[in-house]
Amino acid sequence: MRKLKLFLVLAIAAFHALPAQENHIKEDGEVARTSNFELPKIQVVPITDTNANRQYELYIKLPEAYSESTDKSYPVIYTTDAMWHMEMLSGSTEYIMEEVILVGISWQKDINEDLKKELGDHVSRYRDYSFRKHDNPEIQKKIQFGQANKHLAFIRNDVITYIDNTYRTDPNSRTYFGYSMGGEFGAYVLLSQPNTFNNYIIGSPSIKNEVEHLSELNTKFGPYETSNRSSSLNANVFISYGSLEETMMEPIEAFIKLLNDRRDDGLTVLKEVIDGNHGTAFPMTVVRSISWLSQLNKTKVESLYLGQKPSGVTAIPFAPGIVNTEHRELSGFFSPDLKEFYFNRNGGSYEKHALVVFKNIDNQWTESYVMPRIGRPVFSPDGKTMHLGEKYMVRTETGWSEVKSLGSYFEDIRIMRLTSSSKGTFVFDEVGSEDGDGVIRYSRLINGKREAPKPLSKEINTGKFNAHPFIAPDESYIIWDGERESGYGDSDLYISFRQKDGSWGEAINLGSGINTEAWESTAFVTPDGKYLFFNRNVGSSDYENVDIYWIDAQIIEDLRPKP
């Protein structure tokens with residue numbers, strides 16, 4: 001439908017172009033009468049800043065089906081610098097995110113005419129979007145920098161109130177879009193009154209000299225505490241800058257670090273570096289951020305397991321289009337309370353392997369970036385530790401600790417994946433050679449002391465490429481992947497059950513419901529014991545497209561030896 005519309009627009013434009021050219025020729029140089037172009041479907045509404053008695057305008061665009069869907073509420077995107085942004089936002093949402101209300105906020109309309117002539121119609125943005133006074137007294141007296149707090153009060157008290165009272169809006173889905181100084185204003189709002197918006201798009205913010213002051217705002221807001229939800233910023237943030245904005249890279253990266261260092265479970269931050277300079281990066285900032293926002297709205301799904309229909313006796317992809325994409329997704333695992341789902345992704349917005357999480361907050365799942373990938377991460381059974389191969393992190397009151405080392409026993413072992421039991425037993429692999437000589441080892445915790453690692457028995461360490469083990473919390477079984485002559489092709493998943501004498505039983509192939517000719521690996525059983533998750537290569541031998549699959553964990557009980 002959208003392609004048809006675009007074709008018609010181009011066709012009509014071409015049809016009218018020739019007569020216009022002919023008319024110009026016939027009139028032999030006469031200038032045709034012209035009129036201003038107005039964007040269709042955009043309403044212009046005057047509005048007053050009731051505190052400062054300043055006049056502005058709102059440019060409002062409603063979804064095409066707004067008048068038909070009378071029982072539906074819509075997300076809202078608010079943008080400053082409306083005269084510069086509305087056309088790009090209107091075009092992008094028309095194709096990427098149709099069902100959204102756009103609200104553009106103009107510059108002050110009744111500002112001093114002499115200032116307008118000297119500095120342009122946009123002169124009020126210097127005052128409204130900045131949160132510090134200018135160092136030069138003469139410039140400060142003329143422009144009145146540093147009134148972001150007043151402009152924010154206008155947006156909260158007048159603009160949002162008007163929009164919510166006039167239109168069918170979703171109060172839990174407000175987004176702010178700001179670029180350059182508008183991005184600076186967005187950063188200020190995020191760290192001063194973050195509940196103004198749910199999502200923040202902060203493009204190339206002009207914060208070259210403002211990081212110290214943003215840090216002060218962050219300190220004033222206070223640190224994040226897991227036991228205190230009001231200490232969270234509770235926001236999804238998209239931050240971008242141009243690849244050629246050399247003077248802006250360092251301060252923007254410092255701002256991103258400031259946000260990430262909060263270790264705020266309610267805060268998600270995605271960074272995009274866009275080809276171009278401050279000016280040329282703007283169009284793609286709009287497109288990529290609206291695409292991000294559209295995906296964010298799609299991934300706000302309800303109920304357990306990201307709202308997915310439970311798998312049966314045959315493995316199926318987990319959360320297609322949400323978790324699984326055309327890129328590489330690995331090592332999926334849930335937290336003990338089933339409210340967090342972590343996995344590794346490589347591709348798309350994540351140019352390098354990244355640890356990504358979906359969190360269920362107020363019964364809505366939302367995606368965010370955690371950190372660069374280290375090993376094949378997985379929780380300990382109590383959820384207090386995240387194992388990262390030969391390293392780990394501990395959950396704290398403010399999120400996660402710094403990455404730590406397991407100690408001297410493990411320093412010389414190139415561990416890909418380590419899992420642990422409720423007793424504290426470690427089971428882990430080792431990166432082998434191309435000949436597939438990887439070994440799976442274990443290390444017990446005895447009387448509070450860690451014993452030296454030992455190889456598991458031949459029932460497990462037979463064949464090639466044995467790796468990525470998962471030990472059951474009660475140590476009743478181990479699942480791993482490897483290649484054996486009796487397998488289905490590439491690496492298969494195998495299970496070994498603990499025997500009465502404490503030894504490990506014969507390796508059992510998990511069967512055709514899971515294993516195929518492709519590469520299957522990295523098993524994980526959900527904390528409630530209901531589902532088995534694993535990886536499968538659905539791409540080429542380059543493993544550019546690996547997906548996360550799931551299957552009913554009853555398969556384990558069906559294979560468990562009967563007493």
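W84 is partly exposed, with a relative accessible area of 42%. W107 is buried, at 9%. Buried means under 20% relative accessible area, exposed over 50%, and partly exposed in between (1.4 Å probe, protein chains only).

This is a predicted model: local features need pLDDT of at least 70, side-chain atom pairs count only at pLDDT 80 or more, and totals for chains, interfaces and linings use all residues. Residues are numbered from 1 along each chain as its sequence is written, and side-chain values use heavy atoms, with hydrogens and water left out.

**Aromatic pairs**

The structure holds 41 aromatic pairs. Rings of Phe, Tyr and Trp (its six-membered ring) pair if their centres lie within 6.5 Å; planes under 30 degrees apart count as stacked, over 60 as edge-to-face and the rest as tilted. Two edge-to-face pairs are listed here.

| Pair | Centre to centre | Angle between planes |
|---|---|---|
| W84 and W107 | 4.9 Å | 70 degrees |
| Y342 and F379 | 5.4 Å | 85 degrees |

W84 lies in helix α2, and W107 in the loop between β4 and α3; they are 23 residues apart. Y342 lies in strand β11 and F379 in strand β14, so their pair ties together parts 37 residues apart in sequence. Helices (H or I, at least four residues) and strands (E, at least two) are DSSP runs, numbered from the N terminus. Y342 is buried, with a relative accessible area of 2%. F379 is buried too, at 6%.

**Charges over rings**

R450 lies over the face of F426, 3.6 Å from the ring centre. The charged end of R484 sits over the ring of Y494, 5.2 Å from its centre. Such a charge has NZ of Lys or CZ of Arg within 6 Å of the ring centre and within 35 degrees of the ring normal.
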